[in-house]
Amino acid sequence: MTPQPLWLLAELTYRCPLQCPYCSNPLEFAGARFRNELGTEDWCRVFREAKALGVLQLGLSGGEPLLRADLERLVAAAHEVGLYTSLITSAYRLTKDRLAALRRSGLDHVQISIQAADEELSNYIAGTASYGDKLAAYRWTKELGFPLTVNVVLHRKNLHQVRDLIGLAESLGAERIELANTQFYGWAFHNRDALMPTRAQLEEGWRVVQEERGRLGTRLEIVWVLPDYHEQFPKPCMGGWARSYMTVTPAGEVWPCHAAGRITTLKFANVREHSLEWIWHHSDAFTKFRGDAWMPEPCRSCPRKTVDFGGCRCQAFLIAGDAGVTDPVCSLSPHRHLVDDAVAEVERTAAAEAGEWVYRAAPNSRALAAKG
């Protein structure tokens, strides 16, 4: 029996004023593949079809979803069919009036990213002077009665600020802070050498998280997203391939996760041509790695296959060049040496300053696409 999807991520646009070097958006986001954005009615139909499939939660993301002039209408449409809506935003240039309008439209939850605990480093990582906008938006979010999640992507240049970041979330009255160690997809994979932390940095960050959890108790939920490359086994990516999650891109492609578009050996169906129900149950991309029939050894006979479902297909493709092999992060994978080599290189150069990254920006996207 095909599992039921519970979560839909609607990437409304890949336009974004920030240039974060770890962005999970495709490297070629500025190209023709994603340029023709779905219109308002298309998205409203997608939301209705998602609800009919059993989806409960809707993430409104991007890029920057606030750049959609019809965002309030999209929120209202999702609310009308009974979806729990989360706005996933950088909050750049967000006003209190617009946030209030989204509240009236039925928005349920706000997640705002921040790149560091202090203004200088946060703006440097974002490639945009956005720190002040974020702090203001955090406060308005609480004033308007929204539940608030603070999201931070951790990497080599900000892991030393874990305690300060938790303190910032506490001072803002957030219910939750996600400390998401960088997962190397999209722009993060391209910038892997400059972003990957040392093992000592990760161990210190985890030590601080444990201390702060003990201090804060239930006052603030602190989520620590494990860094795959430094683990013995992979995480159950999105709860397993095409088991509970789907992403719809700005131009209507539907992916089993937010990074699946990089797998060039898969064909992705589009909501302009097929219903969400057909895509979930019958499309190549969703059926290819669902279940365990596709699994090679050592996954096929491994008791962990019901825990991590063979790991991440995107990671397998990016590291080993084949989405059908055991996730190279797994210590049992014949490709684990590729991960170990990348980690060892970072440890070897730990005394040196991390290299410069390539910012996520349209000119860089077009240049990388031209190189193939």
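**Strands, helices and loops in the predicted model**

At 0% relative accessibility, A242 counts as buried, because buried residues are those with under 20% relative accessible area. The model described here is a predicted one, and in it A242 is found in the loop between β7 and β8. Although A242 is not a glycine, its phi is positive, at about 55 degrees. A positive phi in a residue other than glycine is also present in R93, where the angle is near 65 degrees. R93 is found in the loop between β3 (84–89) and α3 (96–105), and with a relative accessible area of 62% it is exposed.

With β1 (residues 7–11), strand β8 pairs in the parallel sense over four bridges, and the bridge partner of L9 in β8 is T247. With β9, by contrast, strand β8 runs antiparallel and is joined by two bridges; in β9, W255 is the bridge partner of T247, while V254 is that of V248. Strands β8 and β9 form a hairpin with five residues between them, and in its turn G252 has a positive phi of about 105 degrees. The side chains of β8 were also examined: Y245 and T247 point one way from the strand, M246 and V248 point the other way, and all are buried.

The buried residues of α13 are R336, V339, A342, V343 and V346. Seen down the helix axis, these buried residues fall within an arc of 130 degrees, so they line one face of α13. What covers them includes α8 (192–195) and α12.

S283 lies in the loop between α10 (276–282) and α11 (284–287), and at 1% relative accessibility S283 counts as buried. A polar atom of the S283 side chain lies 2.6 Å from the backbone oxygen of I279, and, when neighbours within four places in sequence are left aside, S283 is in contact with A269 and W278. D308, in the loop between α11 and α12 (313–320), likewise counts as buried, at 6% relative accessibility. With neighbours within four places in sequence again left aside, the contacts of D308 are F233, P234, K235 and P236.

Cis peptide bonds occur at two places considered here. One joins E297 and P298, with omega about 10 degrees, and P298 lies in the loop between α11 and α12. Another is the bond from G62 to G63, with omega near 20 degrees, and G63 has its place in the loop between β2 (57–61) and α2 (71–80).

Notes: Residues numbered from 1 in each chain as written. Predicted model: local features only at pLDDT ≥ 70, side-chain atom pairs only at ≥ 80, totals over all residues. Heavy atoms only, no water. Buried < 20%, exposed > 50% of the residue type's maximum accessible area, 1.4 Å probe, protein only. Polar contact = N/O pair within 3.5 Å; in protein donor to acceptor, adjacent residues only side chain to side chain. Contact = heavy atoms within 4.5 Å. Arc of directions from axis to C-beta. Pairing = 2+ DSSP bridges.
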